[in-house]
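Biologist: I'd like to learn how to read sheets and helix packing in a model. Can we go through one together?

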Amino acid sequence: MSGSTRSRLIAALLPAFLLAAPADGQWTNRYPKVAGVRHHVYLEGYNLPTLAAGPTDPAPSPDGRTIALAARGWLWLMDAETREARRLTRGAGVDSRPAWSPDGRQIAFVRDDSRDTSIMLIDAGSGRERVLVDSPGLDLDPAFAPDGRSLFYSSAEAGGLDIWRIDLASGERTRLTTAEQPELQPQPLANGAELLIVDKRGSAEGLVLLNLGDGSRRALRQDGIAPHLRTSAAVRSYAATVPDGEGWQLLLADADGGSTIRLAPSARYPLTPSWSRDGTFVYFVEAGQDERFRLYRVPAVGGAPEDVSPLSWQWGAATAHLSIRTRRGDSGAHVAARLSVTGAGGHPLVPTDGMARFDGQNGMVYFYSPGIVTLEVPAGPVRVAASHGFDGAATVSRTLRAGETATVDLDIPFTGFDGARRGWYSADLHTHLNYGGPYQLTPEDLVLDMRGEGLDVATPQLANLHTQLMDQHWWGWRRTEPPLIAFAQEVRSHFLGHVAVIGADALYAPWFSGPGYPVYGALDRPNADALGFARAHGGVNAYVHPVNERDPFPAGGPPTGLPLELVPDALLGDVDLIDIVCLWSDELGSSAAWYRLLNLGLPVMPSAGSDAMHNFHRTMAVGSTRIYARPEGPLSLASFLDAVRRGRSFVSTGPQLDFHVAGSGPGGVVAAGPASVEWQLDAWSPTPVEEVEILVNGEVVWRGEGLGDAGHRRYLGRIDVPPGGWVAARVHGGATRWPVQDSYPFAHTAPIWFGAVGSSDPAAARRAAADLLRWMAVAEARLDTGYRDAEIPRIRARFAEARRLLEARGGQ
């Protein structure tokens, strides 16, 4: 839709951070919250099942003739000799992690409905199902007791993920563990008296042997952070996949202790091990460079792994072939797209090749198409949703006949924002290629995703996974033709705040430091070292995912949620950028902190990045939060980062903005007041957005109704110009709808300055200094607690100087 709105300056200025806003802030969790887990993105990404077209979660039957496995979201039974796989389950949910009963008649498994998981029981012969466990929390990892009378599993029924047992005759459930951290995948030993469990105890994850008689525990191994630590027990031995640098290794060991034996050393990323009942083989899966899982087995005594993937798939029902062609609505040309395809009951359907992902905001499984893709699907109803970046989304439904080959064309709506014509290019400046997920991606794997998202630039960041340095072998790799890709670095002090080094010609060391880390926990290393390194090596720096709270400066309490060193670093002139939009922080809360820095005349410009981990199955898309910048001259990484540094930009979770005041756009300057000048804002959005606002020095001076539907709207007005400071535009609010994947639609321009870049209004500066002094009191107390008796004179000197500067600006 289109239209225009004119309005004069409203009489009363409204503090921006007191405006009505959606109740939810940043993404926290889609599945029931597990007590004791701080970051649900990792719990869901590492510990919930992965949906893939290829085989996962192998489980050999007790007689060894059949392998139960998960594929395409259903369970299949593969004949071990002919390697023909026959579909066993057919429901709408996503089924995984099968476990055989000792008599081989029944299979317990996990069913995922996109909001919660339950434990199901199915008769392997007839296919009759029943719900075994469906608690209010997550239910995972079933395993039958050796006598077949009970079943062990992991459940968050009582809040934390603990080990439980259910009596199959009476249905009585018993909680066996009460650890503060998640415990998963119970595996009973043959004696029935001991249970092997995966203990996810923070940075000391490992395997524990639980005595079912007296409840005593014995640690078998610790592996640091081990995202895909899985195990399988046989008599008194076990197989486990454990970290090996940036990869994984398959180990055998005795539960009584002793040395470990490595199996299949040629496998770099073996996952989900499962021992055959007779102890002859260990089965596992591994994803190849085509992002397809394959099933392997290796003799328990050693030898080369053998590919035993299914040779044929019997669906047990008629199928059809669906060819999907995506076109851009304004041109009709085929365009790469993000697709979500569902069948009867909403079951996700995926292609044979490539990686499928789960959008934890909208609850949709999606994948990318270069413009044309063909799927084999069950005959019957099919629904296809397609999007291309922030252009909009299209859907179509069809009913497919048995044996039919059908073609559907989707014309993806065009909102009207032609970025290239206007000189705007988009980037995800904070993302991660590989971060402990079940796949191992190459930078080229990002190209199709970026094309499907209409993204021009990506700077995937190398980062540590506790003490593991991820993706460092990709440092120096660059793609210099569109879409542009260049690796950056995230330097982490969990205590002082995470910062990004983007566009530098070298890596900063150490990658991590500060309280909570081994060895480097007491280093006197301020974040300013990494920030200065970025500048000295030709790059820019940023504070990333800064604020989780909607209002970090509550009137009735102390400030909260800012990165500890952000304010000192900004006051001392060391910060270039701050993430305003990110999946894991709150846009309005981050803006509230940013406004106070701008009001002190600190030209810290906005940045954006999804912080998505691309080799996760459960992750949002690259570019789901992004920055648009208008570089001078041809697009290159250097020209783009220069535009970002100068504030010729806006950030977005979906809407797009073009804002001008007296002819100047973001990063520009208009004459200082007193004066009255005209402004114009064009807003586009792929989904409705509730509010449109113009802010002067962090306060709303004009508010208008947003877009009631996808499309475009123009707003016009006048503002009174103060002697100094800045003006910007933002839109926000409303429900998240595909293709948006953040918590709410939001976009914000960089500031346009009054008089000069870095000017300020004295009254606004005094208020900002007062608020930041309140924060400094909180930060200084936390500094004392975190570093305890460590000698940190450099860090303390920066905090002291920041306090002095704030007091000099009238913050007292």
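Biologist: In what sense do strand β4 and strand β5 pair, and over how many bridges?

Modeller: In general, strands of a sheet pair through backbone hydrogen bonds, either parallel or antiparallel. Here β4 (residues 66-71) and β5 (residues 74-79) pair in the antiparallel sense, over 6 bridges. Strands are DSSP runs of E with at least two residues, helices are runs of H or I with at least four, and both are numbered from the N terminus. Two strands pair if DSSP finds at least two bridges between them.

Biologist: Which residue of β5 is the bridge partner of Thr66?

Modeller: That's Asp79. By the way, this is a predicted model, in which local features need pLDDT of at least 70 and side-chain atom pairs count only at pLDDT 80 or more, while totals for chains, interfaces and linings use all residues. Residues are numbered from 1 along each chain as its sequence is written, and side-chain values use heavy atoms, with hydrogens and water left out.

Biologist: What is the strand order in the open sheet of 5 strands?

Modeller: The order runs β3-β4-β5-β6-β27, with mixed pairing. The edge strands, β3 (56-60) and β27 (312-314), each pair on one side only. From one strand to the next, the twist averages 25°.

Biologist: Now helices: at what angle do α8 and α9 cross?

Modeller: Two packed helices are described by the angle between their axes and the distance between the axes. The axes of α8 (residues 762-787) and α9 (residues 793-808) come within 10 Å and cross at roughly 160°. That makes α8 roughly antiparallel to α9 (the label for angles over 145 degrees). Axes are lines fitted to C-alpha atoms, for helices over the stretch in contact, with angles from 0 to 180 degrees between N-to-C directions.

Biologist: Which residues make the contact?

Modeller: Among them are Leu772, Met776 and Leu783 of α8, and Ile795, Phe799 and Leu806 of α9. Contact means heavy atoms within 4.5 Å.

Biologist: What is the mean pLDDT of the chain?

Modeller: pLDDT is the predictor's confidence in each residue, from 0 to 100. The chain's mean is 93, and 97% of its residues reach 70 or more. Over residues 1-24, though, pLDDT stays under 50.

Technical notes
Angles under 35 degrees count as roughly parallel, over 145 as roughly antiparallel, 65 to 115 as roughly perpendicular and the rest as oblique.
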